[in-house]
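Subject: Handover of a structure and findings

Dear colleague,

Please find below the structure that I am handing over to you. My findings follow it.

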Amino acid sequence: FFEKTLAAVKSWFTLFGWSRGQNPISIPHSLRRDRCIVQLTVAPEKNFKRKVDKDKCFYEMLLHLSGQPIPGIAAGQSLSPDPVERIFQLHWQHSELLSFLKSQGAYLSHVMPEFLLTPEDYVIWTEVNTGLRVGSMRTSGKLSGRRLFVLENRTFETMSKRAWTDVLLQMYKVFVLPRVSCRIFPDPLSLESLQNMPGIKSEPLCSNIYSRYERTILIWLNKNFEKNRQIVWKDSQRGGIPPMRWIVNFDQDLLDGLVLAALMTSYCPYLIPTHFIKMYTDPRTHEQFLHNSLIIVKALHKISLDIDIKV
């Protein structure tokens, strides 16, 4: 489940996270590397050399999605040549990132700034804070009594991947989902048929699973499906008109592709005779579910909405 979540997060931020087109990312590697600041790499002879990372960086993506920079962090900020000072700079930068996201409503109390470092930087961080490395005037009182987790390399990589994934998910929650309008204007064409269907409330405290924005999307799906199911499949030879359904989640209720097809019909009705009329309206076998999914993906390609969804 976590790997599927990771793949979905990586795909969405690659396609839609940037202001100027697509930019492939890897979690956590490119996010830890792209800092929008002058970076330092350790040569074999342990001399530090400056290297400017010309790739698009995480903070550029954050600015695009949030519309506001993190207070105190400049795009051209340079790092100290001293490795210990550099680690404290990076740790402070990640601390400011987490504080900024929390102030916007993100739930990230389980993510510590050091989990966002590279493995090499994390080793230096633990050495400094356990007294194994000295070389900075700031190393005294550095943790202020906060508990230090010393993780082995393999465990740290797992923790870092999870931390960066959670950061991206919370960014999506606080910056992207709120763009969904909570105003649901009654649709005269579907009101009458929806009277016998249980309603979904969009108030903030009505669900401990979905946010009000997600419930607004569910209401939107319900209205479109009820309005279009008899239009799309009135001449269906593969099951007839599908029955009324109550769409309450984003996984089980969308598996057969019918809800997505009804939704797309509201905007692209010309897809009905070429694609959607061929769908099974009461799929029971794996082959029929696969058939419907193939049609949905082909329809997305037809309208040039190639968002890399696998069948």
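This is a predicted model: local features need pLDDT of at least 70, side-chain atom pairs count only at pLDDT 80 or more; totals for chains, interfaces and linings use all residues.

Helix H9 (residues 258-265) and H11 pack at an angle of about 30 degrees, and their axes lie 10 Å apart. Here axes are lines fitted to C-alpha atoms, for helices over the stretch in contact, and angles run from 0 to 180 degrees between N-to-C directions. From H9, Leu258, Leu260, Ala261 and Met264 make the contact, and from H11, Asn292, Ile296, Ala299 and Leu300; contact means heavy atoms within 4.5 Å. By class, this contact has 7 nonpolar residues, 1 polar and no charged ones. In this count Ala, Val, Leu, Ile, Met, Phe, Trp, Tyr, Cys and Pro are nonpolar, Asp, Glu, Lys and Arg are charged, and the others, Gly among them, are polar.

Overall architecture

The protein has 11 helices and 2 strands. Helices (H or I, at least four residues) and strands (E, at least two) are DSSP runs, numbered from the N terminus. Along the sequence the pattern reads α-α-β-β-α-α-α-α-α-α-α-α-α. Of the 311 residues in the protein, 44% are buried, where buried means under 20% relative accessible area, exposed over 50% and partly exposed in between (1.4 Å probe, protein chains only).

Cores and buried positions

In soluble globular proteins, nonpolar side chains tend to be buried together. A nonpolar core is a set of buried Ala, Val, Leu, Ile, Met, Phe, Trp, Tyr and Cys residues joined through side-chain atoms within 4.5 Å. The largest such core has 44 residues, of which Phe58, Leu62, Leu101, Leu168 and Met171 touch the most other members. At least two residues of this core come from each of H1, helix H3 (58-66), H4, H5 and H6, and H6 gives the largest share, 9 residues. A second, separate core of 23 residues includes Trp233, Leu258, Ala261 and Leu271.

In helix H5 (residues 119-129), the buried residues are Asp121, Tyr122, Ile124, Trp125, Thr126, Val128 and Asn129. Their cover includes helix H4 (83-103) and helix H6 (153-176).

Ser66 is located in helix H3 and counts as buried, because its relative accessibility is 15%. Leaving aside neighbours within four places in sequence, Ser66 is in contact with Phe100 and Phe175.

Backbone features

Most residues other than glycine have a negative phi, and most peptide bonds are trans. The peptide bond from Ile27 to Pro28 is cis, with omega near 10 degrees; Pro28 belongs to the loop between helix H1 (2-16) and helix H2 (29-33). Ser304 is not a glycine, yet its phi is positive, at about 65 degrees. Ser304 lies in the segment after helix H11 (286-302) and counts as exposed, because its relative accessibility is 66%.

Yours sincerely

Methods
Residues are numbered from 1 along each chain as its sequence is written. Side-chain values use heavy atoms; hydrogens and water are left out.
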